[in-house]
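Try each task before reading its solution.

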Amino acid sequence: MVNPSSDELQAVCRDWSSAIKGIADGEGRIAFFRTELPKLLYRRELFEGMLKGILSGHPYPNLRQETLFDNELVLYRDSGRRFSLRFYIFGPGEHTFVHDHVSWGVSASALGPIEVLRYRNEDDGTAPGQTRLRMSGRSVLRPGETETTLPLDQGIHRTGNPDDGTSLMASVYGAPLRRPFIQRFSLESGRVHRVYPPHLKKRMLVKQAVKMMAATPPN
Ligand SMILES: [Fe+2]
């Protein structure tokens, strides 16, 4: 099944792959994507074509690809793990939970306003699994504007749609750190949860179950 929009999107990502091989540092790659991502998003027909393709049964992007957010589509993963391109669809007023990241990211609106609420971690580390966050900034990205996110405590935020329509956000993420989970923060209770990719979470549960079975005598 042919979808020219999807083919073109992937071709742009392959060009990005070649281009960033020559940029060694994260800062340089962030600067590259702050220029390149809005240029791609300006070609709105590509994204529209890709989304229509999904509805007509085109297999790209793979909706079964596991993700940490349920509104997330993975559009491209660089084979050298240098970056990935992801797409997020927010309904009226919808936002992600408050979270951190294991890589740098560059995000921009592909349609409508995208709200970014940033938080600073002011915890002294005395209570494990608990933290104290203070809001440190808010922006609303309009098409063409970008937001840069940094890993771990430097990039705690939530993103979403402040309006009534549907907003689309595209994000490029860099190579992930070794930590296999992101953290989800509750502003109300101060609790911190680890969010693992589903396949890892299941493996951990299986390990737990096997251990319990070995330690439990049969009935
Ligand atoms: Fe994020």
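A crossing of two helices is left-handed if the near helix is turned anticlockwise from the far one by less than a right angle, and right-handed if clockwise. Helices (H or I, at least four residues) and strands (E, at least two) are DSSP runs, numbered from the N terminus. This is a predicted model: local features need pLDDT of at least 70, side-chain atom pairs count only at pLDDT 80 or more, and totals for chains, interfaces and linings use all residues. Residues are numbered from 1 along each chain as its sequence is written.

**Exercise 1.** Describe how H1 and H2 cross.

*Solution.* 
- Step 1: get the distance and angle. The two axes (lines fitted to C-alpha atoms, for helices over the stretch in contact) come within 12 Å. H1 and H2 cross at roughly 160°, on a scale from 0 to 180 degrees between N-to-C directions.
- Step 2: name the arrangement. Angles under 35 degrees count as roughly parallel, over 145 as roughly antiparallel, 65 to 115 as roughly perpendicular and the rest as oblique. H1 and H2 are therefore roughly antiparallel.
- Step 3: The crossing of H1 and H2 is right-handed.
- Step 4: find who meets whom. Val-12, Trp-16, Ala-19 and Ile-20 of H1 meet Arg-29, Phe-32, Glu-36 and Leu-40 of H2; contact here is C-beta atoms, placed from the backbone, within 7 Å.

**Exercise 2.** Which residues of H2 are buried, and what covers them?

*Solution.* 
- Step 1: set the cut-offs. Buried needs 20 or more other C-beta atoms within 10 Å of a residue's own, exposed is 12 or fewer, and partly exposed lies in between, with C-beta atoms placed from the backbone.
- Step 2: list them. Arg-29, Phe-33, Leu-37, Leu-40 and Leu-41 are the buried ones in H2.
- Step 3: look around. Their cover includes H1, S4, S7 and S9.
- Step 4: zoom in on Leu-37. Setting aside neighbours within four places in sequence, Leu-37 touches Val-106, Ala-108, Thr-146, Ala-170 and Val-172.

Conventions
Two residues are in contact if their C-beta atoms, placed from the backbone, lie within 7 Å.
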